[in-house]
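Good morning, everyone. Please have a look at the structure first, and then I'll walk you through parts of it.

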Amino acid sequence: MAGMTDRVQCFPPRCVWVNGPIIVGAGPSGLAVAACLKEHGVPFVILERSDCIASLWQKRTYDRLKLHLPKQFCQLPKFPFPDDFPEYPTKKQFIDYLESYAQHFQIRPRFNQSVQSARFDETCGLWLVRTVGSGTAAASRSHEVEYISRWLVVATGENAEKVVPELEGLGEFGGDVMHICDYKSGEAYRGKRVLVVGCGNSGMEVCLDLCDYGAFPAMVVRDSVHVLPREVLGKSTFELAALLMNWLPLRLVDKTLLVLARLVLGNVEKYGLRRPSTGPVELKNTEGRTPVLDVGALGKIRSGDIKVVPGIKRFSPGKVELVDGRILHIDSVILATGYRSNVPQWLQGCDFFSKDGFPKTPFPNGWKGQCGLYTVGFTRRGLSGVSSDAVRIADDIGSMWKEELKLARRPIACHGRCISQI
């Protein structure tokens, strides 16, 4: 008994033993794993730094956003979208779907729990996840908690932190500078000259939104980019690519998509949109670079309402100098420069993730590490990749859980490591 007391004293004052896995993140990835674990009867705890589920969608997306892929490729496991939802649900509809998903499976995350560190203790064979209260709870050190479990599921995803590049002279610009995570609509930009830095799906769509509100956007296209029609002959381009992959090699699928894109969109390179030498599907699989699915921005580029400009050399008060020597007078800057994983900031003593915050093991085997570590939402394959990983993780943990339940039926002493159990 004395030995057990000594072990208890090794832990911080506030410790919580979690019978099942600890899931970090209450976005679609975390919710999907939680729902699948529910089906197996496995308890869990979800730790979420924000005060709501899917905080990226609820707090860091623009108003006009819709799913870029048809809903059947974006639904989470065991709970389809409502039949009356359109093929491309709006931001609000998707949030409503996620809220219904959490309610249906009775998923109740622990909100305002910002994970500071997670490490595997080889001595006791357990994961130790330390959190501190965030939001209104952040002012009190008493909100520090250490959660302890056999399993850790990293579900913070690919878009946990905004990327803000270093641009020469930006601090001297003097105008409004905003990351796209804070952009809601073009209402505040009526009549303004806006430089949008970035030409991905978000950058293109924000430029389109700015045009609709009477602004004058210029879009920085520094690198090559694939622009594909969202649909071809009434069928989703993504769905078409998935179908072709069942019959054709990847490079032939890419060639087919590019031929169709040329027929539908014409030659986009004459508008300053150079295509990469690698095909769109191969580029997505190898580097995670998503092709742009056009929803109307290309028409505005053709008409001149959206100007395409090359890379930035430097900013100065009220203007920007481009790498080709041109100078643009601008009023505002929107950084559509994307997001990155934040796993390296808090996951300690683990070489499963690379420096960029993605599993080193390539798809489709990056969902499982060693010592009870799992990852979901890092496949660079959107919500369809999330769903497949969630099912694998729950099946794997569920099988171990059932074996342990058989052993647990034998009389044993209650776990005495922690003050509380969940």
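First, the ground rules. This is a predicted model, where local features need pLDDT of at least 70, side-chain atom pairs count only at pLDDT 80 or more, and totals for chains, interfaces and linings use all residues. Residues are numbered from 1 along each chain as its sequence is written, and side-chain values use heavy atoms, with hydrogens and water left out.

Now, confidence. pLDDT is the predictor's confidence in each residue, from 0 to 100. The protein's mean pLDDT is 91, and 91% of its residues reach 70 or more. Residues 1-13 fall below 50. Beyond near neighbours in sequence, that stretch has eleven contacts in the model, a contact being heavy atoms within 4.5 Å. Residues 412-418 also stay under 50. Where pLDDT is low, the predicted coordinates should not be read in detail.

Next, helices. Two packed helices are described by the angle between their axes and the distance between the axes. Axes are lines fitted to C-alpha atoms, for helices over the stretch in contact, and angles run from 0 to 180 degrees between N-to-C directions. Helices (H or I, at least four residues) and strands (E, at least two) are DSSP runs, numbered from the N terminus.

Take helix α2, residues 28-40, and helix α4, residues 91-104. Their axes come within 10 Å and cross at roughly 30°. So α2 is roughly parallel to α4; that label needs an angle under 35 degrees, over 145 is roughly antiparallel, 65 to 115 roughly perpendicular, and the rest oblique. Who makes the contact? Pro28, Leu31, Ala32 and Ala35 come from α2, and Phe94, Leu98, Tyr101 and Ala102 from α4. By class, that is eight nonpolar, no polar and no charged residues. Ala, Val, Leu, Ile, Met, Phe, Trp, Tyr, Cys and Pro count as nonpolar, Asp, Glu, Lys and Arg as charged, and the others, Gly among them, as polar.

The α7 side includes Arg251 and Asp254, and the α8 side includes Glu282. This contact has six nonpolar, one polar and three charged residues.

Last, the sheet. It is open, with three strands in the order β17-β18-β19 and antiparallel pairing. Strands pair if DSSP finds at least two bridges between them. β17 and β18 have four bridges. In one of them, Phe315 partners Val320 of β18. The edge strands are β17 and β19.
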